[in-house]
Amino acid sequence: MYLDPDEEKILDGESGTTKQKMMEILVALGKVFGAAGMVAIKSAQVSGASYKTIGEYGLEWLNSLDARVVVPAVLNPIGMDRDRWREMEIRPEFARKQEEVVRAYERLGVSMECTCTPYYITETQYGDHLAWSESSAVAYANSVIGARTNREGGPSALAAAIVGKTPEYGLHLSEERRPAVVIDAEGVPDDHEIATYGALGFHAGSVVGNRIPIFSGIRPDRDQLKALGAAMAASGAVALFHVEGVTPEAKRLSFDLSGLERIHLDYGEIRETFSDGAVDAVALGCPHCSPFELTGIAALLKGKKVKIPLFIFAARNVIQRSREVVSEIEKSGARVYSDTCMVVSPAMERFDAVMVNSGKAYSYLPNMCGALARLGTTEECIAVATSGI
Ligand code: F3S
């Protein structure tokens, strides 16, 4: 693997022990995956931020590091809203440890945004190289923006943020970004409902696994693309997908689809994923809500009161930009939390059944929180939260 003179110096320890260790991580990864060299990145998104997942060992490792990130870097969602954790009924002991983890990242220069939607915060453009961790963020960056990132682990994303580079392999290379399977989707309604695409992604991910699909027959908007990618990354391991006539690489490049396997998905059958049944909470915002989604939720809640807990999750920056909308939502008794989500927060573990409008949350809630998950449209979720049925 080729390293330029500056990279060699970092590897020799001339920029300090932490930077040297970080370069060692990147070089080891590059060698495993056959990278020819390193590529400069525009930003990083670092997982391994929830105390629920990294525990004491991870916290000690973070505290042992002594360097600063050199590109904009944000964190993945953590276990609680940093300001409103008491309202979320988070134990003080957990909150104290979670805050220690966040402080450790702050010391390294990571911005105090904990979100799986860094693209609403850090300007990200077609062709940018990135080192992002969270699977839905990776799918969005690659597919919807046309930026380039592999799905990084927490340590490799942090290493890339500190060095400012990542090994150039996998989805950083044009030849690795071509579709491998065609999905002909039929009967998908032309609505603006994200659950439609959460359900489609849930099914598509389980049939394509880690291959790169290209869809035909659908016209999703940006929030629907976000829902589609998140669900496919959860039920499969999709880090990049294309949609004919919609996503940037499908529009700019002419892919040769001859000889590829074709899979037919009929939305009439997929619709059966939506299920009725009693729930004791409703959670929206997986991935974190866009400003447009928050506005839609506010309209659905207007003049209503929630009868069972309704949690909504969004990036802190998005909530601050949508203050009036958020205060309208909260008049109903619903709560809009930042920094965390229904899957990574221990707050959701006290519920037996949770209704969601996300294919990813539908896929993860049973294992991560021990709760039965029910999938519904955003409108159905709000109707259940406000009727209590
Ligand atoms: Fe984001 Fe949490 Fe869903 S990290 S994609 S809201 S599981």
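Modeller: In this predicted model, 27 residues of domain 1 are in contact with 28 residues of domain 3, where contact means heavy atoms within 4.5 Å. Local features need pLDDT of at least 70 and side-chain atom pairs 80 or more, whereas totals for chains, interfaces and linings use all residues. Residues are numbered from 1 along each chain, and side-chain values use heavy atoms, without hydrogens or water.

Biologist: What are the domains into which the protein is divided?

Modeller: They are domain 1 (5-174), domain 2 (178-271) and domain 3 (281-387), with bounds from an automatic or database domain assignment. The C-alpha centres of domain 1 and domain 3 lie 26 Å apart.

Biologist: Which residues surround the ligand?

Modeller: P77, C116, E134, S136, G285, C286, P287, C341, V343 and K360 surround the ligand, each having a heavy atom within 4 Å of it. Domain 1 and domain 3 each supply at least three residues of this shell.

Biologist: What is I312 in contact with, leaving aside neighbours within four places in sequence?

Modeller: The partners of I312 are L284, C289, L294, I297, I329, A334, R335, V336 and Y337.
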